[in-house]
Number of protein chains: 2
Amino acid sequence: MNPFEKLGLSPLAHQQLGKGQSLFHMGDPIARMYFIRQGRIRLVRHLEDGTPIPFHLAAANQMFAEASLFTDHYHCDAIAEEDCSLDVYSKPQLLAAFQGDPKAALSFMAHLAQQVQALRSQIELINIKSATQRVFTYIQGKVPPGDRELTLPQSWKSVAAEIGLTHEALYRALAELQKSKRIERKGRQVRLC
Amino acid sequence: MNPFEKLGLSPLAHQQLGKGQSLFHMGDPIARMYFIRQGRIRLVRHLEDGTPIPFHLAAANQMFAEASLFTDHYHCDAIAEEDCSLDVYSKPQLLAAFQGDPKAALSFMAHLAQQVQALRSQIELINIKSATQRVFTYIQGKVPPGDRELTLPQSWKSVAAEIGLTHEALYRALAELQKSKRIERKGRQVRLC
DNA sequence: TCATAGATATGATTTTGATCATATGAATAA
DNA sequence: TTATTCATATGATCAAAATCATATCTATGA
C-alpha cells in the first residue's frame with residue numbers, strides 16, 4: 001500500500017518506462033504525481049551551457065518529486081535509469097483530498113515527517129567513516145527496540161549501496177564484526193552480541 | 001522566520017539548554033515541539049543493556065523530531081551537544097492549526113516536502129566518492145539556476161562537515177578545482193568556469 | 001594594543017576503502 | 001538437467017582520503 005492509496009486515492013493509470021526514456025522535462029506543467037513500483041528514476045538539472053547535474057536517484061517504492069506538489073512546473077528532467085513501472089495519480093485530486101480532509105492531510109504529513117526522519121538517520125550513517133562502524137551502526141538502527149535480532153528483508157548487496165559502500169567492503173565489515181564478536185550472523189539473519 | 005511562525009503560531013516560551021543537559025527522555029509524553037535557534041541536539045536510542053545508539057544530530061535552524069508530531073511518547077533521548085537556545089511550541093496548538101486550516105497544513109507539508117528533497121540531494125552528494133567531484137557538484141547545486149556565481153553563507157569548514165569530508169580534503173579539492181580551471185574563487189565567493 | 005580562537009591552507013605519512021580478480025553457492029530459466 | 005545469473009565471499013593491489021603536523025590570516029574580546 002503506497003502513501004497515495006492510504007489517502008483513499010486510486011491511480012489514474014499505470015505507466016511503463018523503458019531504460020533511458022524520460023518521464024518529464026524541465027518546464028513541463030505538473031499535473032500528475034508518480035509512485036515508483038519498479039525501477040529507478042534519475043532527476044537531472046542542467047547548467048545553462050547544457051552540463052547535466054544529476055541530483056537525485058529515486059528508487060522503487062518511493063513517490064518522488066514530492067516537492068513538485070507545491071510548484072506548477074518541473075525544475076528538472078526525469079529519466080528512467082532502468083526499466084520502470086509507475087502508478088500515476090492526479091495532482092489536483094491529491095491537493096483536493098488534502099483541502100477537504102484534514103485527516104488525509106495529516107496522514108500525508110506524517111508520511112513526509114517519517115521520510116525526513118529516515119533520511120536524516122541515513123545521512124548520519126553515511127557520514128561514519130569506518131566501514132565496520134558504519135555497518136554496525138546500520139544493524140543497530142535496524143534491530144527492533146528492545147530486541148537483539150534482525151532478519152534483513154533485502155540483500156546485503158543492496159544494503160551496501162544504501163549505506164554508501166561497495167559490496168566487498170560490506171562483506172569485509174561483516175566478517176570483522178563477527179571476528180570481534182560484535183555480531184553473530186547466518187545469511188541475512190543477524191544478532192547483536 | 002521558522003516554519004512554525006509561518007503558520008502564524010507564537011512560541012509558548014524560549015528555553016536555554018546547557019551542554020550535556022537533556023531535553024526529554026524516552027517514554028516522556030510529547031506535549032511540545034521545538035525549533036533550534038542555536039546549538040545542536042543529539043537524539044539517542046538505547047539497547048536494553050544500556051548501550052547508547054546516537055542516530056541523529058539536529059542542527060541550528062531546524063525543528064527536530066518532526067515525526068514526534070504524530071506519536072504520543074518519545075522513543076529516544078535528546079541531549080544538548082553544546083549550549084542550545086530553543087523556541088518552544090504547543091503540539092496541540094500545532095495540530096489544531098492543521099485541523100482547522102487546510103492552508104496551514106499544506107504550508108507545513110510544503111516545508112516537509114522541501115526538506116525531503118534537500119535531504120535526498122545531500123545523500124546523493126555524499127555518495128560521490130571523489131572529494132573533488134563531490135565539492136564541484138556541491139557548488140554546482142548551490143549556484144542559483146541560470147547563474148554562475150555564489151557567495152557561501154557559511155564557512156568552508158562547515159561545508160566540509162555537511163558533505164562528509166574533513167576540512168583538509170575540502171581545501172585540497174578547492175585547490176584542485178582552481179588548478180584545473182573548473183572554478184575561480186576568492187574566499188567564500190565562487191564562480192564556475 | 002595584545003591575546004586567543006577559529007578559519008584557511010598545505011605538506012608528510014598512514015590507513016582504509018575502491019578496484020580488480022576469482023571462487024562458491026543459490027535461485028531461476030532454458 | 002544444465003546453463004545462467006546474482007548474491008555471497010575473500011585475496012591482492014592501488015588510489016585517495018584521513019590523520020597529524022604546522023603556519024598564516026582574521027575576527028573577537030580583554
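**Helix packing, chain contacts and DNA surfaces**

Biologist: At what angle do the axes of helix 4 of chain A and helix 6 of chain A cross?

Modeller: The two axes, which are lines fitted to C-alpha atoms, for helices over the stretch in contact, come within 9 Å. Residues are numbered from 1 along each chain as its sequence is written, while chains are lettered from A and ligands numbered from 1 in the order in which they are written. This is a predicted model, in which local features need pLDDT of at least 70, side-chain atom pairs count only at pLDDT 80 or more, and totals for chains, interfaces and linings use all residues. With angles running from 0 to 180 degrees between N-to-C directions, the axes cross at roughly 80°.

Biologist: How is helix 4 of chain A oriented to helix 6 of chain A?

Modeller: Angles under 35 degrees count as roughly parallel, over 145 as roughly antiparallel, 65 to 115 as roughly perpendicular and the rest as oblique. The crossing angle of roughly 80° therefore makes the two helices roughly perpendicular.

Biologist: How many residues of chain B are in contact with chain A?

Modeller: Chain A contributes 37 residues to this contact. Its partners in chain B number 38 residues.

Biologist: Which helix supplies the largest share of the side of chain A that touches chain B?

Modeller: Strand 5 (52-58), helix 2 (91-100), helix 3 (102-126) and helix 4 (131-142) of chain A each supply at least two residues of this side. The largest share is 19 residues, and it comes from helix 3 of chain A.

Biologist: Which kind of axis relates the two copies?

Modeller: Copies are superposed by least squares on the C-alpha atoms of residues with pLDDT of at least 70 in both. Chain A can be laid on chain B with an RMSD of 0.2 Å by a turn of 179° and a shift of 0.0 Å along the axis. The copies are thus related as by a two-fold rotation axis.

Biologist: Which element gives the most to the surface near DNA strand C?

Modeller: A residue is near a strand if its C-beta atom, placed from the backbone, lies within 6 Å of it. DNA strand C is surrounded by 17 residues, the closest being Ala131(A), Glu168(A), Ala169(A), Ser155(B) and Trp156(B). Helix 6 (167-179) of chain A together with helix 5 (156-162) and helix 6 (167-179) of chain B each supply at least two residues. The most, five residues, comes from helix 6 of chain B.

Biologist: Which element supplies the largest share of the surface near DNA strand D?

Modeller: Around DNA strand D there are 16 residues, of which Ser155(A), Trp156(A), Ala131(B), Glu168(B) and Ala169(B) come nearest. Two or more residues are given by helix 5 (156-162) and helix 6 of chain A together with helix 6 of chain B. The largest share, five residues, comes from helix 6 of chain A.

Notes. Contact = placed C-beta atoms within 7 Å. Helix = DSSP H or I, 4+ residues; strand = E, 2+ residues; numbered from the N terminus.
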